[in-house]
Amino acid sequence: MSRLARSALRRVRPGTAAAAAVTAALGLCLLQPTATAGPGVMDDRGRPADVSVLSGRWTIPWAIGFLPDGRRALVTERRTAAVWVQGSDGSRHKAGTVPDTVVVSPAGGSGSGGLLGVAPSPTWNGTTDRDVFFVHTAARDLRVAKMHFDGTSLSDYTVVLGGITRLGDHNGGRIAFGPDGYLYVTVGDAYHPRLAQDKDSPNGKILRITRTGDAAPGNPFGTRVYSLGHRNPQGLVWDDRGRLWETEIGDSAADELNLIEPGGNYGWPLCEGPCSRAGLTDPKKVWKPSEGGVPAQLAVVRDVLYVTTLRGQRLWALPIDGSGEDVGTARAYYSGVYGRLRALAKVPGADELWLGTTDGGDERDRILRITIR
């Protein structure tokens, strides 16, 4: 952050006007995109062209879920359990909180429990369809829950799928509607690695479910399980060809970008990263945790995948190759500029990303708006 931005933060007192002033100062002082890559880097396709602060004063924003109009999104805060309506004009208001949310942290760490993913119904209109889905940790379990959102506030909390083993970390937590209209949910191994290979357990899996929490028709094992062998899956996105990509936080050797197939086994804990073992599917890209890794969420714009990173503190851009089955050389942006990055979503109908900083401190995180060239 520049000297001017730091000065603005010190001078301005809390309040709406103060937040606007701080946001303006930060917007003026943000750096333009910086990139690093090895030999054979991709061309200008997918290069971030501009970045600005959409809004400030956030406390650990975890997920961004756009409403169908593309002008507003619901944003979850992990630790406060609050859900906010963020407008493309920079305005925002609190829609409510998700009941029964409990933040449980592992010993010696901040953890990733609390309010996690959000997925508004693709046909949400605030009247005949008011459904919004969340993933959160409760006192004894990880849950998929549904609430009604009328355009202003949340109501009518209902548990759709509960009883999932949870801990303070390794919860997964991403939820998204697929092109087929079903809900896909990432669930971590909750520090019980063996569960990732247990087809009878939802942990260490990507689940595919109906709006009522049942197994979606056509699932590979006849259960809610869509794929298995995941450690802490964080990001989900479908490309223009309808292929499902996933990001996953590994253990100590390799974090992963995977192309997900129904019934696929992605190895954990039998394998971390590529292992070329029969019956297991190797990742399409790996990162060392200490070398730009610990990937969080995913978005795609014009056949380029974007990955936010936590420890890596950067945004990766990876072009999908002509076959649609692999990715080209990755390019990193904003390395260390904005700190840890997590929440990420493409703006519907625009070549634009909204990106959330995370763990900056109470009311110190931001939502950034990034235009893609």
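Predicted model: local features only at pLDDT ≥ 70, side-chain atom pairs only at ≥ 80, totals over all residues.
**Close-up views: disulfide and salt bridges**

Cys271 is buried, its relative accessible area being 9%.

**View 1. Cys271 and Cys275 are joined in a disulfide.** The two sulfur atoms lie 2.3 Å apart. That falls within the 2.5 Å cut-off, so the pair counts as a disulfide. Searching the whole structure gives one disulfide. A disulfide is a covalent bond linking the sulfur atoms of two cysteines.

**View 2. Arg57 and Glu363 form a salt bridge through their side chains.** The N to O distance is 2.6 Å. Arg57 belongs to strand β2 (residues 48-58). Glu363 is in the loop between β24 (352-357) and β25 (365-372). The pair therefore ties together parts that are 306 residues apart in sequence. Arg57 is partly exposed, with 28% relative accessibility. Glu363 is also partly exposed, at 42%.

**View 3. Arg231 meets Asp251 in a salt bridge.** Here the N to O distance is 3.5 Å. Two loops supply the partners: Arg231 comes from the one between β14 (225-228) and β15 (232-238), Asp251 from the one between β16 (244-249) and β17 (255-260). The pair links distant parts of the chain, 20 residues apart. Arg231 has 9% relative accessibility; this is under 20%, so Arg231 counts as buried. Asp251, at 42%, counts as partly exposed.

**View 4. Arg340 and Asp359 make a salt bridge.** Their closest N and O atoms are 2.8 Å apart. Arg340 lies in the loop between β22 (331-333) and β23 (341-346). Asp359 lies in the loop between β24 and β25, the loop that also holds Glu363.

**View 5. Asp69, Arg71 and Arg72 belong to one salt-bridge network.** Shared partners join the three residues. Side chains of opposite charge can pair when their charged atoms come close. Across the model, the count comes to 14 salt bridges. Among them are Arg57 with Glu363, Arg231 with Asp251 and Arg340 with Asp359.

Definitions and conventions. Residues numbered from 1 in each chain as written. Heavy atoms only, no water. Salt bridge = Lys/Arg side-chain N within 4 Å of Asp/Glu carboxyl O. Helix = DSSP H or I, 4+ residues; strand = E, 2+ residues; numbered from the N terminus. Buried < 20%, exposed > 50% of the residue type's maximum accessible area, 1.4 Å probe, protein only.
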